[in-house]
Amino acid sequence: MPARGVPALTTFPYPELDEREEDHWSGAGVSDDELRALALGAFYSTRWDAFHDAVLLGPEREHPLGDRRELAIDTLTGAWGITDGTEARASMEQLLEGMHAPLYALVHPLVMASVNASERDRFGERADRHRAFLRQVGSFRGMDNPEALVRDYDIWAQAIKIGFTEHLSRPLPNDIHAWDLARVVAVARMAFTAGYLEADMAWEYVMRALPPAQRRYRNWRQFGDAYLAGWTYWQATEDLAELKNGGVDRRMELLRLWTRPTSPWRRIELNEPEQKTETEASEPN
């Protein structure tokens with residue numbers, strides 16, 4: 001019988017998380033760091049029912065829209081406007097530099113300061129100052145439309161106030177680079193599968209995403225939380241109505257990655273375990 005106030009431990013599985021296919025592993029001889037880098041895009045491997053340990057989006061399967069190559073081409077064109085290797089590389093370079101993460105870093109702290117403002121700010125003076133500041137930043141950076149930052153500010157504040165971010169961890173992550181870095185891996189894999197990139201080039205971009213992820217996040221829990229915050233921020237600015245239903249679904253996918261024994265996030269850690277010091281190594285276990 002569990003102690004009072006302590007929930008009873010239950011065994012895996014969460015039945016609703018096991019409705020999808022089993023995790024797919026090709027058995028390819030990848031190194032630990034190659035597996036870590038591919039695992040940055042594990043959310044997409046899971047959604048695509050694809051191998052977790054290969055650049056190619058296998059295994060092949062029948063699909064009403066075509067084979068894996070056709071699906072990759074269709075997704076790159078429709079979601080990214082990518083039609084060749086040059087455009088794929090340009091998108092991945094932008095993601096590595098930071099596509100949505102720098103915008104979030106500007107907007108999110110201001111929104112939180114406004115949302116948590118005291119009652120004395122009930123007339124919105126602080127929010128007005130924030131909007132003026134964002135316009136100045138946009139103009140200083142030469143943005144085509146400086147009002148875009150103000151729009152993001154207002155939408156993100158609205159999403160938080162009406163509860164469309166309840167699926168996120170608390171406190172809300174301050175960093176969403178995981179959202180950009182996961183998509184580097186996704187685009188690299190799709191571009192290779194589509195025939196736009198050679199394997200060596202696809203692997204180069206996959207591996208370039210790993211060091212910044214390891215510098216910013218200690219583990220897959222932090223990485224996943226930041227990824228979901230990034231998707232939520234992007235989705236809010238794209239379609240607030242879609243966010244209402246999609247956030248919980250994605251949270252469940254992450255829970256599956258965090259807990260399922262066959263998940264790549266359970267197979268290998270994001271960062272190598274710290275080496276013991278000589279003193280620690282000499283101590284008895």
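Tyr 44 counts as buried because its relative accessibility is 12%, where buried means under 20% relative accessible area, exposed over 50% and partly exposed in between, with a 1.4 Å probe and protein chains only. Trp 48, at 23%, therefore counts as partly exposed. Both residues lie in helix H2 (residues 42–48), 4 residues apart, about one turn of the helix. Helices here are DSSP runs of H or I with at least four residues, numbered from the N terminus (strands are runs of E with at least two).

A word on the model: it is predicted, local features need pLDDT of at least 70, side-chain atom pairs count only at pLDDT 80 or more, and totals for chains, interfaces and linings use all residues. Residues are numbered from 1 along each chain as its sequence is written, and side-chain values use heavy atoms, leaving out hydrogens and water.

Now to the rings. The structure holds 13 aromatic pairs; rings of Phe, Tyr and Trp (its six-membered ring) pair if their centres lie within 6.5 Å, with planes under 30 degrees apart counted as stacked, over 60 as edge-to-face and the rest as tilted. Here are two of them.

| Pair | Centre to centre | Between the planes | Geometry |
|---|---|---|---|
| Tyr 44 and Trp 48 | 5.7 Å | 35° | tilted |
| Phe 223 and Trp 265 | 6.2 Å | 90° | edge-to-face |

Elsewhere, ring pairs join Tyr 44 and Trp 48 with Phe 43, Trp 179, Tyr 227 and Trp 234 in a cluster.

Charges meet rings too. Arg 267 has its charged end over the ring of Trp 25, 3.6 Å from the centre, and Arg 221 lies over the face of Trp 258 at 3.8 Å from the ring centre. The criterion is NZ of Lys or CZ of Arg within 6 Å of the ring centre and within 35 degrees of the ring normal.

Finally, take a look at helix H6 (residues 125–140). Its buried residues include Ala 127, His 130, Leu 134, Val 137 and Gly 138. They cover an arc of only 95° around the axis, so they are on the same side of H6; the arc is that of the directions from the helix axis to the C-beta atoms. On the other side, Arg 129, Gln 136 and Phe 140 are exposed. Just after H6, Gly 142 takes a positive phi of about 70°.
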